[in-house]
Amino acid sequence: MSLSATKVRRSIAVLALTVAAAALTACGTSASSSSPAAGAAPNADRAAAATGVSSGVNLDECGKPTRTIKHDLGTTTITGTPTKVVALEYSFVDALVAVGMSPIGVADDNEPKRIIPALRDKVGSSYKSVGLRATPNIQVITALKPDLIIADSGRHKAIYAQLSKIAPTIAYASLNGNYQQVLDSEMSTAIALNKCDEMKQRLAEHAKMMAGFKAEAPADESRKALFVRASDKGFTGFPPKAYTPGVLSAIGIPSALPDSGTDASVSLTLETLVSTKPDIMFIAPNDGPTLRDTWAKSSLWKQLPAVKNNATYDVDPNEWSRSRGLIASEVVAQEAVKLLYGK
């Protein structure tokens, strides 16, 4: 082979390596020969924005072998990719399913059917119940030897130190969390799980789905909706700041309650309900007779625009209230569109 031919071949090889390195750099992937941490996900574009979430939800930790996760009750350091996760609220089960994972333990109130079908089929029955969401069983959680626990920052604040001794624990508002907080907590949870890219993709899909549901509403839709939980002793309304009204607002259905105060829910009397004048009511009743059954006999009840216009709908409390997750919100939005517009 001639010397000039050899030089040409070498030049081509160098050019090919240069192009390959540039491509890797453009994708945010290191061209270093060192091996990545065991179990680390690619998570190429670490600090890129995620669709629909607030800034500052640990996005700069995406893809790092060791991640420092800021959450409602402090800061937790997590190394590697957790695989044995205990979820102490249904919304955290939702977050796991959204990135293709299943929990080993769930605080399911000892009622597996409270996990909604959209999640149940993916979670299966192999998880261990760790008892009530309000008071999970510490001994059972310990026996599972989890490598991550996801807790509710309100309900589990008092036992956070105990949980943290069992495994790294992160905590977010679920019981009293709103729709935006749900999106933020799911993204932050995914970063803790080393599933950043998976959640970014899922959130982009979610935004597209919600935009589709919103497009189903008529352009002149101006009705206001009230979401309530009905029990034998109470009729509880949820203001705009609450989770379900936030989901409905995202698809173009505003709340009938005023956007004031900081309470996640309000107890309604029949008189205050009448003064609220909801055009639509989505009612999630407990099993058995509820206060609504008593009020329905009253002339005041019949004055409600939602009642007069036959726009009251019974909905599943597990799907519309207890789940409070990314996937659950899609279930709520889809059902609302079907009930209201037949689509």
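**Close-up 1. Helix H8 and the lining of the second largest pocket.** Helix H8 (243-250) gives the most to the lining of the second largest pocket, with 3 residues, where helices (H or I, at least four residues) and strands (E, at least two) are DSSP runs numbered from the N terminus. The model shown is predicted, so that local features need pLDDT of at least 70 and side-chain atom pairs count only at pLDDT 80 or more, while totals for chains, interfaces and linings use all residues. Residues are numbered from 1 along each chain as its sequence is written, and side-chain values use heavy atoms, with hydrogens and water left out. Strand S8 (225-230) and helix H12 (317-322), like H8, each supply at least two residues of this lining.

**Close-up 2. The centre of the second largest pocket.** The volume of this pocket is about 270 Å³, and of its 16 lining residues the closest to the centre are Leu-175, Asn-176, Phe-238, Ser-321 and Arg-324. On a 1 Å grid over the protein atoms alone, a pocket is an open set of points where a 1.4 Å probe fits, with protein on both sides within 12 Å along at least five of seven lines, and lining residues have an atom within 4 Å of a point. Grid points are joined across faces, edges and corners, and the volume is the space filled by probe spheres set on the points. The lining divides into 8 nonpolar, 6 polar and 2 charged residues (Ala, Val, Leu, Ile, Met, Phe, Trp, Tyr, Cys and Pro count as nonpolar, Asp, Glu, Lys and Arg as charged, and the others, Gly among them, as polar).

**Close-up 3. The salt bridge between Arg-133 and Asp-109.** The closest N and O atoms of this pair are 2.8 Å apart, a salt bridge being a side-chain nitrogen of Lys or Arg within 4 Å of a carboxyl oxygen of Asp or Glu. The pair links distant parts of the chain, 24 residues apart, with Arg-133 in the loop between strand S5 (128-129) and helix H4 (138-144) and Asp-109 in the loop between strand S4 (105-106) and helix H3 (117-123). Arg-133 counts as buried at 7% relative accessibility, as does Asp-109 at 11% (buried means under 20% relative accessible area, exposed over 50%, partly exposed in between, with a 1.4 Å probe and protein chains only). Both residues belong to a network of salt bridges that also links Glu-89, Glu-111, Arg-114, Arg-155 and Arg-324.

**Close-up 4. The salt bridge between Asp-314 and Arg-292.** These side chains meet at 3.0 Å, N to O, and they join strand S12 (residues 312-314), which holds Asp-314, to helix H10 (residues 291-295), which holds Arg-292. Asp-314 is partly exposed at 44% relative accessibility, whereas Arg-292 is buried at 14%.
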